[in-house]
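Okay, thanks for coming, everyone.

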Amino acid sequence: MSPSQLFRGELSRTSRTLVLVAALLLIPSAFLPVWNITLVAPQYPQGLSLAIYANKVAGEIQEVNILNHYIGMKEIEQDEFPEFRFIPFLILRFLALAVLAAIVARLEIGALGWIDFLVFGLVMLFDFQHWLYEYGHNLSPGAPISLDPFTPKFIGTTQVANFTVKSWPAAGAVMMALAGLLGPVALFFEWRRRKDHAALDQQAQV
Amino acid sequence: MRAKRAIWAVAAFAVIALAIAGPQSCTRGPAGASVGELARERGLSEADITAALKTYLPTGQLDEYVMFSSGGHSGQVLVIGVPSMRLLKVIAAFTPEPWQGYGYGAGGTMEALEGGLVNGKEVLWGDTHHPAISETDGEYDGQFLFIDDKANARVAVISLKDFETKQVLHNPLMGSDHGATFVTPNTEYVIQSSQYAVPLDGSYADLSEYQERYRGAVTFWKFDRAAGRIDPSRSFTLELPPYWQDLADAGKGPSMGWVFLGSFNTEMATGGIETTGVPFEAGASANDMDYLHAINWQRAEQVYQSGNGLRRIQGMSVIPLDVSISEGLLYLIPEPKSPHGADVTPDGRMIVTAGKLDPHVSVYSFEKIQDAIANETFSGRDPFGVAILDFDAVLEAQVELGLGPLHTQFDGRGGAYTSLFIETAVAKWSLEDFTLKEKIGVHYNIGHLAAAEGDTRTPDGNYLVALNKWSIDRFMPVGPLHPQNFQLIDVTGEPMQLLYDMPIGIGEPHYAQIIKADKLDPWLVYPEVGFSPHAMASDPNAVSSGEERIERNGNRVDVYMTAIRSHFTPEHIKVRQGDRVRIYLTSLETIRDGTHGFAIDKHNINVSLEPGESEVVEFVADQAGVYPFYCSEFCSALHLEMVGYLLVEP
């Protein structure tokens, strides 16, 4: 089956529903924390948590900044991250593309949105890793406690001085991943359906 | 059928086997020795081991109850976990306390202590006697705590949000108090009654004029719950005969609206052993009977509000004795000699008094008291014209308990517990059949006792603490001034079991109250950054990061300072000799235990700045020189570096 065959005709009802579900999944992901970073030390038995949302960092930022200033780490401030200003709009864009794909029932639009979303996800992961590197390496030389530069893992557990830093995707990221997964699923359905159609067409021609 | 029974038998056997093998297999502790070996080595009996198991709390586990105890002469309140009997906190009330920064410069604490000035004089000790937890519908509500200072007739109000004293009041009508503090069932009023009679107007009167000029008094301090303060302008006092009024308790349920107040020295002895040869101790205990005072406080409130016959004495509204008599506010009830307790039963139907020089407790029926008042079943009137109810007409029962009964608490199952001072024991008796059930010896010379929620409408009936005056041989000798001994007793079953001895190394505590821990809801940090514990609201003078500054106005210097780990901002304060310096301090901390201190060398200033707290210190920089100021709390790894300089230019 050629790509032109794949893109021919309208999306099936199933695929449109799947694309719409993906769009719906994106809505809560804009309001739920995407990533959680928890710092645990003996005197913080409950841990200090930072929650990264699409548009902000929340949680015990002041306490984390107080601790970080001892090792000369830059303060975590919302304005430091230009990403927060446009991520919500990007999510809105994916949502719009998905809804549009479902309405006009065009696979191209769906595919465009999905690739767009995938690229965004990967770029954001790299971006996140970049920030973790930046914060762990840009340590002020005048800090009271000098520490070798470090990079916390963006996923997993890292030991930094007396803290165990745990970084894990949160509900928002799970929603996004599910939405992202629905793309290939829809594509699979379309591919199978169209292959069957193509076969029927061929038979009819014969 | 048989097979089924066999399976059950096997299963039961397995359970028994597990029960036997289980404990044995885990009795070996981490240190190596088994529980049995340890007990033998330390000479512990099975009762000792059960007592240990009932009181021991592993690290991180919390107590089921919190006991607020008077701190005696320390002028403080002790906060103790029950059943572990661990000291959790000391709340400063009448006396400066450095760690809490109470009375060392912090504005709010200075203001509280100023409220306790006695005729303009600083009195920096207090003989704290009876704490009272605020109540709603006759149950502890865990919001406020009151405590009195017997020596100077003062009352302190403590918030149980931050466990800090908010207000101290001096009662100008009294020389000393004793029936304080007790609250009415909804904390409408905090009750304070005098002990040793003096002239109410504070003037001089010779002891030869004792009956004419000396008077007792009971003050009903109006508590304003929303403000968290006593409102003296809405409080009133009843003038009482110059007997020495003692412990009080407010009626509840059917006896709501009344308060009962014991008394002694109804002989009105004036002592003078050196001339009369009759010391107070003999003169004041000559009669076989003293008087329990029954006071209708709700009607007294109406009389006060009507303003009829009121007198203003030393700024206080006083209902004179003759008005109390004519309005039916006050009646006397004979009670066996030298009593020390007047305790209303949980159902509010009976009042128990204990005459410490009589082996009985006397139980009065509130209903019979009301009938006797209605039918004027009086046995006479006292020299001041107060009606004395007929003893037999109002008595429900007398129970012979032993020597020196003092104070009674309840278990909510019809059981009553009375301390026996002379016998140094606790007697358990029944409110149902008025018989003595059992006694347990305590060590030694018990004064008050406190049962878990034991003076509320629904006592819990599990723990009881004996507040013993002497400890003799119970603790390691530490010189002639011995610790007192708080003994925890399990009263869940019979016999009562002594569980634990807690030495009290400060003051001479009198009474304590025990509240279920889950009724308390204290703040872990202040509710917001820049919160004034004195105003219990956001402080307009608090500053946030970046707003710190120093402002000069003539010879007044205002410093707006923040504290956060591990620095003050600003760190340099330069003033001129003679300047009046005011430092507004704001803690920017938001986490538990993130407390800073603010101490200025050689200025008697030490402030405790708890997370979020805002405080002000004011002083005159009267000596030129260089004065480091520093964080007096080990706040962080850079605590020693949390410092600044106050530079006073000549």
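This is a predicted model: local features need pLDDT of at least 70, side-chain atom pairs count only at pLDDT 80 or more; totals for chains, interfaces and linings use all residues.

With that, let's begin in the loop between β39 (580-587) and β40 (596-600) of chain B, where you'll find B:D593. This Asp isn't a glycine, yet phi is positive, about 70 degrees. B:D593 counts as exposed because its relative accessibility is 73%, and the cut-off for exposed is over 50%.

There's another case in chain B. B:N604 sits in the loop between β40 and β41 (605-609), and again we have a positive phi in a residue other than glycine, near 55 degrees. B:N604 has a relative accessible area of 58%, so it is exposed.

One joins B:E494 and B:P495, with omega at about 0 degrees. That proline is in the loop between β30 (484-490) and β31 (497-504) of chain B. Another cis bond runs from B:T569 to B:P570, omega near -5 degrees, and B:P570 is in the loop between β37 (567-569) and β38 (572-576).

Now a helix: α8 of chain B, residues 297-306. Which of its residues are buried? They're B:W297, B:A300, B:E301, B:V303 and B:Y304. They span an arc of only 165 degrees around the axis, so they're on the same side of α8(B). Turn to the other side, and B:Q302 and B:Q305 are exposed. Just after the helix comes B:G307, with a positive phi of about 80 degrees.

One more from chain B, this time in a strand. B:H170 belongs to β7 (residues 164-170). Is B:H170 buried or exposed? Buried, because its relative accessible area is 15%. Setting aside neighbours within four places in sequence, its contacts include B:N152, B:R154 and B:W221.

Over to chain A, and helix α5, residues 107-137, which holds A:L122. A:L122 is partly exposed, at 48% relative accessibility. Together with A:L118, A:L125 and A:F126, A:L122 makes up a nonpolar patch on the surface, with about 390 Å² of accessible area among the four.

Beyond its neighbours within four places in sequence, the tryptophan is in contact with A:G180, A:G183 and A:P184. A:Q203 is 89 residues from A:W114 in sequence, and the C-alpha to C-alpha distance is 33 Å.

Last thing: how do the two chains meet? The contact takes 7 residues from chain A and 9 from chain B. About 710 Å² is buried between them, with carbon and sulfur atoms giving 56% of that. How many salt bridges does the rule find across the interface? It finds 1. The side chains of B:R565 and A:E63 meet in a salt bridge, at 2.5 Å from N to O.

That's my tour, happy to go back to any of those spots.

Technical notes
Residues are numbered from 1 along each chain as its sequence is written. Chains are lettered from A and ligands numbered from 1 in the order in which they are written. Side-chain values use heavy atoms; hydrogens and water are left out. Patches are made of residues with over 30% relative accessible area and no salt bridge: like charges are joined within 9 Å, nonpolar side chains (Val, Leu, Ile, Met, Phe, Trp, Tyr) within 5 Å. Accessible areas come from the Shrake-Rupley method with a 1.4 Å probe; for residues, only the protein chains shown count as cover. Helices (H or I, at least four residues) and strands (E, at least two) are DSSP runs, numbered from the N terminus. Buried means under 20% relative accessible area, exposed over 50%, partly exposed in between (1.4 Å probe, protein chains only). The arc is that of the directions from the helix axis to the C-beta atoms. Contact means heavy atoms within 4.5 Å. Buried area is the accessible area (1.4 Å probe) that two parts lose on being put together, summed over both.
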